[in-house]
Amino acid sequence: MASLSESRSQTTNDLLELTANYDKTIAVKHNLSPFIGTFSGSKISMKILVLPVLNFENNSMSLMGHAKSNYSVGGTKTRSALRSLFGRVNYNYMMRYMIMASFRYDGSSRFAKGNKLGFLPFCIIWGWNIANEPLFGKI
């Protein structure tokens, strides 16, 4: 007994990303660099169609309609979306002392009901470039 199976899938992924940054030097010693962006997209649509058919009289039959019985059609269709807003601010004083702060706020159709939006923890990082201290310039 011969069988024939056909499956088709189609996936669409739309993506839009917008970012803006700005650099500002104040009184030659202070540098400020804010950055903000939005990620509006990752809209994913997927369709899957599966058609397995059994009970052909012989192997030379190549059309689904030639099967005697056991027609089975299945498929799925899913959609999901993600939207984000993110930002970062960099500050340094004479390239000696640096601080960076960042955030991210996401909304997703895949998050649990009632929790579709989420704020990722605020991150702050600081640094000290000891090589730019006046003492090291003399060594």
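Predicted model: local features only at pLDDT ≥ 70, side-chain atom pairs only at ≥ 80, totals over all residues.

Me: Which elements make up the secondary structure of the protein chain, and in what order do the elements run from the N terminus on?

Reply: The secondary structure of the protein chain comes to one helix and seven strands. Read from the N terminus on, the order of these elements is β-β-β-β-β-β-β-α.

Me: Which elements of the protein chain have the lowest and the highest mean pLDDT?

Reply: For the protein chain as a whole the mean pLDDT is 81, and 74% of its residues reach 70 or more. Among the elements, the lowest mean pLDDT, 62, belongs to strand 4 (residues 69-71), while the highest, 95, belongs to strand 2 (residues 24-26).

Me: How many bridges join strand 5 to strand 6?

Reply: Strand 5 covers residues 74-93, and strand 6 covers residues 97-108. In this pairing asparagine 92 stands opposite methionine 98 in strand 6. The two strands run antiparallel, and the number of bridges joining them is twelve.

Me: Which residue takes a positive phi near 55° in the hairpin of strand 5 and strand 6?

Reply: The loop between strand 5 and strand 6 is where methionine 95 is found, and methionine 95 has a positive phi of about 55° although it is not a glycine. Methionine 95 is also partly exposed, as its relative accessible area is 41%. The hairpin itself has three residues between the strands, and there the residue with a positive phi near 55° is methionine 94.

Me: Is valine 28 buried or exposed?

Reply: Valine 28 lies in the loop between strand 2 and strand 3 (30-56), where valine 28 has a positive phi of about 60° although it is not a glycine. Its relative accessible area is 74%, and because a value over 50% counts as exposed, valine 28 is exposed.

Me: How many aromatic pairs does the count come to, and are the rings of tyrosine 93 and tyrosine 97 stacked or tilted?

Reply: The count comes to three aromatic pairs. The rings of tyrosine 93 and tyrosine 97 have centres 6.2 Å apart and planes at 15°, so this pair is stacked. Both residues are partly exposed, tyrosine 93 with a relative accessible area of 24% and tyrosine 97 with one of 36%. The answers are therefore three pairs, and stacked.

Me: Are the rings of tyrosine 105 and phenylalanine 119 stacked or tilted?

Reply: Tyrosine 105 in strand 6 and phenylalanine 119 in strand 7 (residues 117-128) are 14 residues apart, and their pair links distant parts of the chain. Strand 6 and strand 7 pair in the antiparallel sense over ten bridges, and in that pairing tyrosine 105 stands opposite phenylalanine 119. With ring centres 6.2 Å apart and planes at 50°, the pair is tilted.

Me: What separates the C-alpha atoms of cysteine 123 and methionine 100?

Reply: Cysteine 123 has its place in strand 7 and is partly exposed, with a relative accessible area of 30%. Along the chain cysteine 123 and methionine 100 are 23 residues apart, and the separation of their C-alpha atoms is 8.0 Å.

Me: Which residue forms a salt bridge with arginine 104?

Reply: Side chains of opposite charge can pair when their charged atoms come close. The structure holds one salt bridge. Arginine 104 counts as partly exposed at 30% relative accessibility, whereas aspartate 106 is buried, with a relative accessible area of 9%. The closest N and O atoms of the bridge are 3.0 Å apart, and the partner of arginine 104 is aspartate 106.

Me: Which side chain is joined to that of serine 80 by a polar contact of 3.2 Å?

Reply: Serine 80 is found in strand 5, and at 10% relative accessibility serine 80 counts as buried. Over the whole protein chain, 17% of the 139 residues count as buried. The side chain at the other end of the 3.2 Å polar contact is that of arginine 110.

Me: Over the face of which residue does arginine 88 lie?

Reply: The distance from arginine 88 to the ring centre is 4.9 Å. The residue whose face lies under arginine 88 is phenylalanine 35.

Notes:
Residues numbered from 1 in each chain as written. Heavy atoms only, no water. Helix = DSSP H or I, 4+ residues; strand = E, 2+ residues; numbered from the N terminus. Buried < 20%, exposed > 50% of the residue type's maximum accessible area, 1.4 Å probe, protein only. Polar contact = N/O pair within 3.5 Å; in protein donor to acceptor, adjacent residues only side chain to side chain. Salt bridge = Lys/Arg side-chain N within 4 Å of Asp/Glu carboxyl O. Phe/Tyr/Trp six-rings, centres within 6.5 Å; stacked < 30°, edge-to-face > 60°. Lys NZ or Arg CZ within 6 Å of the ring centre and 35° of its normal. pLDDT = per-residue confidence, 0-100. Pairing = 2+ DSSP bridges.
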